[in-house]
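Okay, thanks for making time, everyone.

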Amino acid sequence: MEADTQAHVAFFLTGRRQSELLDAVDGLDLRPALFAGYRELSQLRYDYPVVLVAKPSDEHFVQSLSGLMDAALAAAARGSEAERIRKHAMRLEQEIRALVAAGASGSLSAIWDKAASRLAKGADKSMTDSLRRVRAAIKIDGELADCDAAMPARLLRHAWSEVQKQKAEAFRKDLDRLVLKLSDILKADFERSEAGRSAKHLKASVGSGYNDTFDFDAMSRLLAKSLPKDAFPEIRRKRIRELLAVLGAQQFYPSADATAKKGTAKPYTFFFDSCSDALAAFRERMPRLTELARAIAIAELEIDGQYSEAKHGALFEQFGANGLDPQDLAPFPDYLVCVNAGRLRADEHAQLMEILSSGLPIKVMLQIDDILEEASVGDGNLSSGTRSRQIANMAIGLNEVYVLQSASSNLFRFRERMLRGLTYGGPALFSVFTGASAEASGLPPYLMSAAAMESRAFPAFTYDPSAGTNWASRFYLEANSQVELDWPIQGFSYEDESHQRVSEDLAFTLVDFVASDHRYARHLARVPREKWNGSMIPVDESLTRERKGLPDKVPSVMMVDANNVLQKVIVDERLIREARRCREMWHSLQELGGVHNSHAEKLLARERKAWEERMQKEAEAHAAAPVSAAVASAERSTSATPVAASAPVEEEPQRSPDEAYIETPRCSTCNECTTINSKMFGYDGNKQAYIADINAGTYAQLVEAAESCQVSIIHPGKPRNPNEPGLEELLKRAEPFL
Amino acid sequence: MNMMSDTMSATACLLQMADEHFELEDYQSGVPRWCTGCGDNAILAAVQRLCRDEALRPEKTVFVSGIGCSSRFPHYMKTYGFHGIHGRALPVAEGVKMARPDLTVFVNTGDGDCTSIGAAHWIHAIRYNMNLTVFLHDNQIYGLTKKQASPTSPIGTRSNTTPRGSYLEALNPLTVTLGVQNVSFVAQAADWIPEVLFDIVKAAYHHKGLSFVRIIQRCPEWLPKALDPWMHDPNKVQLLHHDDGLQLSTGLSRVYKNQLEHDPMNIDRAREIASGHETIPVGILYRNPAVPCYEDLRYSDKLRTPDLTRAGLNAELDKYTVWPQEAKEKVA
């Protein structure tokens with residue numbers, strides 16, 4: 001083995017670098033080759049910054065600056081000036097992006113004005129005109145948020161506030177209705193009481209203009225005579241007053257007119273930065289919540305006039321004893337807890353798991369700034385343990401938790417899924433990687449978080465238990481690029497020494513992602529250009545190779561330095577081991593998402609085998625005796641033909657002409673027969689006639705009924721009493737009805 | 001949105017525990033004064049059956065009527081009722097529905113009540129398409145006042161007002177209704193086919209919008225033989241059926257062989273069928289659930305609080321107030 005290759009293999013196996021053959025990457029400012037195009041983010045158009053829309057009219061609680069700009073241009077840039085306006089608008093967008101990246105904060109309108117005034121300096125009037133026209137086409141405003149460490153929590157809190165606002169509005173409306181209707185009951189009770197019909201009250205209700213027109217004492221005396229006999233039960237009056245007191249004292253939502261009701265308790269807050277605080281608050285408020293939910297349920301019954309002391313009293317006594325189910329909790333506010341994984345202590349961690357497994361409407365945002373920290377066990381593994389990126393996977397196992405995992409770069413695309421999680425009736429976990437730790441390596445958080453998602457280090461997915469009963473409808477993995485592959489493949493072009501363009505496909509693996517973090521520099525070694533040889537293979541290829549004995553190939557990644565010069569960097573085995581673990585985890589996610597599902601593939605293989613065997617047998621049989629086989633199959637098909645199902649026929653009872661009967665279903669309830677003899681003819685549950693008692697009348701009545709029946713459905717049959725007078729004539733009259 | 005949206009919450013169960021079970025007798029109030037053999041009895045039985053099957057709460061149900069034999073209907077229902085004035089059943093019912101959309105409102109009106117003195121209200125009620133179920137009890141005669149010709153009396157009907165027989169072709173309530181804008185449900189039943197009558201009453205009740213059901217009924221007192229040709233010859237009755245309309249039972253099909261498959265969404269065909277002379281079409285002629293209801297169009301979710309009512313009244317009454325000069329300035 002050549003010395004160079006030996007040095008590479010030695011580094012791969014031990015991480016020990018021979019300095020004369022391999023360079024340290026420390027201080028070289030290398031970044032993955034695929035990052036080369038993303039050096040200056042503010043020059044690019046992408047989803048960020050976003051506008052947290054102040055008064056969203058619909059579900060668009062967040063809009064991207066570029067999206068807003070495109071929509072405004074579509075409306076404002078028309079005709080011959082379109083191109084000029086578009087160019088100016090793009091320059092402004094770039095300026096805003098640069099300002100925000102430099103730390104400017106504020107509303108879109110404020111930063112717009114700032115950027116516009118910068119651009120206007122030295123520019124002609126057409127610039128001002130363009131920007132004014134585009135600005136006029138943008139109808140919304142709100143805080144601008146760049147893709148930084150604070151953005152995920154800001155975005156989620158903004159969305160949560162909007163959801164809570166809608167809930168509060170609906171709740172208040174409902175509460176106002178209940179209060180008004182309950183008060184109406186009491187008011188109606190008063191109007192019907194002696195006091196309500198007193199001369200004084202009557203006088204007050206007529207108004208001053210007609211005070212002398214009526215004799216209110218006489219009116220009161222008259223009205224008092226018609227006081228209702230059934231007094232309004234005192235217990236009901238008391239109950240309604242109590243309900244009104246409970247409804248009025250609620251603290252779950254601020255009252256619509258807070259200033260009008262002095263002395264009312266302050267509304268609760270539902271935003272927390274600690275799991276244990278949120279849980280404690282929930283437990284503490286539970287009795288008040290149950291009391292309010294109970295009051296609302298009773299109030300509904302009262303208003304509908306359906307509350308029955310006997311039926312409901314005991315049941316409502318025990319209301320909420322078994323806890324409340326999600327539908328009962330749905331009208332109340334959801335709790336929001338924002339925690340940072342890096343600062344999550346063990347006890348907080350336990351509380352987080354308790355929240356997630358409780359089924360309570362508590363939404364937790366777990367912000368992860370670093371997924372490349374060393375594991376606490378110190379075995380050199382990355383911390384892919386429970387502290388950060390595995391929590392979402394674990395939460396899925398709880399089955400009833402809405403889980404959203406995403407890098408912050410993808411969060412804007414997940415905005416509707418975020419909203420879905422916030423409106424979901426149970427607990428929700430939003431696990432977001434911000435990429436903020438990358439700033440130490442000089443990379444913007446957006447790029448780092450996007451790379452984490454791309455490299456499968458932090459795949460994006462959602463698990464929505466309300467979307468259906470199976471994994472296919474609940475689990476969503478498609479947001480990741482090239483979801484069928486182990487690693488996404490991207491085209492990469494560069495110029496070689498002889499100034500020729502070289503294009504190749506590069507897989508973006510976990511190693512590329514880790515290589516961008518300076519803390520892992522010791523696991524990498526740059527190979528000087530003159531030492532490049534065929535023993536260096538890409539990481540993805542290396543992962544597919546099965547190693548037996550001493551490796552002859554060493555995994556390497558392509559990187560670029562600060563001058564965008566291509567470098568090759570070999571990787572030690574520790575990183576490869578991590579990449580393999582990462583790939584295995586991705587495989588499990590793929591299976592959950594229905595990609596390369598092993599159960600399906602196993603079943604498919606079995607069915608294919610069975611099908612092939614059957615085909616084989618049929619072919620053999622066909623070859624042996626073609627005629628007999630054809631006959632046999634024809635016979636088989638004949639015998640397999642199902643007997644045509646006969647349509648169900650309603651059986652009518654066989655009637656003898658001697659028997660007296662009525663075709664009851666055809667009776668039109670005209671009372672003719674029942675008027676003749678109400679004992680002989682009766683009505684059934686549908687008020688249709690039948691012969692109730694044949695012995696309750698005479699044959700003459702039967703015949704008379706048959707004659708007078710409007711729809712001719714009475715059949716008198718033969719007489720039961722042979723001695724009835726006039727039988728001969730009666731039999732003749734009965735003839736047409738037999 | 002909810003994790004268990006297909007199940008019912010404990011509270012919802014508690015709220016439903018008060019649901020009661022009703023019998024036909026629970027809706028019966030008093031003994032009908034209609035003549036023996038009168039078709040109104042059949043309609044009463046079908047409607048009471050509907051109330052029982054749908055468990056309509058009597059205190060949430062209103063029957064509104066005008067004047068005539070049929071308009072005695074509310075007296076025989078143990079629900080709320082409004083025996084109104086001649087021809088004005090529909091506007092009264094509309095008012096009830098507007099103020100109390102939570103109530104189930106039925107209207108019983110006769111051929112004289114609806115198609116003569118109440119004709120203008122009828123046309124506009126169809127156009128307003130409020131969620132009401134309207135039964136036109138059509139016996140083709142003024143019965144309560146002892147036999148005068150009504151607009152639906154067939155030409156040649158001898159009555160106290162037309163002793164030599166009526167001169168005009170009868171008005172066809174079906175074609176008139178089908179010609180009005182916003183019509184959403186039109187059906188025809190015959191009182192002597194109770195099974196279909198009940199099915200139509202049920203379909204009309206379930207339709208959201210104004211369901212207009214013309215029920216051809218016998219008057220055994222004043223026109224005892226008028227409908228005999230159709231009653232005695234089942235082939236003169238054409239039963240309309242469709243997957244989206246009525247489905248006919250085997251027993252019914254055995255008696256009534258003249259059947260026609262008709263899609264209730266097809267208004268042109270419905271108008272054609274309604275215009276026929278020889279046979280009586282029985283079934284759902286037209287149904288369009290997409291027509292908006294007036295009460296929904298005018299719905300306001302603003303709570304009518306005493307303050308709001310007072311402010312509205314004051315604003316209205318202030319229009320007629322003669323203000324002293326200084327007060328007027330103050331208000332301005």
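So, how confident is the predictor about chain B? This is a predicted model, and the mean pLDDT of chain B is 91, with 92% of its residues reaching 70 or more.

Of the 332 residues in chain B, 48% are buried. If you take the contacts in chain B with a separation of 6 or more, 67% of them are between residues 24 or more positions apart. As for charge, I get 33 positive and 37 negative side chains in chain B, with the centres of the two sets 6 Å apart.

Over to chain A. The domain assignment here gives domain 1 as 3–38 + 485–597, domain 2 as 49–146 and domain 3 as 661–737. Between the C-alpha centres of domain 1 and domain 2 of chain A there are 41 Å.

One helix to look at is α15 of chain A, residues 415–423, where Arg417(A), Met418(A), Leu419(A), Gly421(A) and Leu422(A) are buried. And what do the buried residues of α15(A) pack against? The partners in chain A include helix α6 (151–191) and strands such as β8 (362–368) and β10 (428–433).

Most residues other than glycine have a negative phi, and most peptide bonds are trans. Yet Tyr48(A) and Pro49(A) are joined by a cis peptide bond, with omega about 0°. Pro49(A) sits in the loop between β2 and β3 of chain A.

Then there's Thr669(A), which isn't a glycine but has a positive phi of about 55°. You'll find Thr669(A) in the loop between β19 and α23 of chain A, and at 3% relative accessibility it counts as buried.

Chain B has a case to show too: Gln140(B), also not a glycine, has a positive phi of about 65°. Gln140(B) is in the loop between β4 and β5 of chain B. Is Gln140(B) buried or exposed? Buried, with a relative accessible area of 10%.

Definitions and conventions. Residues are numbered from 1 along each chain as its sequence is written. Chains are lettered from A and ligands numbered from 1 in the order in which they are written. This is a predicted model: local features need pLDDT of at least 70, side-chain atom pairs count only at pLDDT 80 or more; totals for chains, interfaces and linings use all residues. Side-chain values use heavy atoms; hydrogens and water are left out. Buried means under 20% relative accessible area, exposed over 50%, partly exposed in between (1.4 Å probe, protein chains only). Contact means heavy atoms within 4.5 Å. Lys and Arg count as positive and Asp and Glu as negative; His and the chain ends are not counted. The place of a charge is taken as NZ of Lys, CZ of Arg, CG of Asp or CD of Glu. Domain bounds come from an automatic or database domain assignment. pLDDT is the predictor's confidence in each residue, from 0 to 100. Helices (H or I, at least four residues) and strands (E, at least two) are DSSP runs, numbered from the N terminus.
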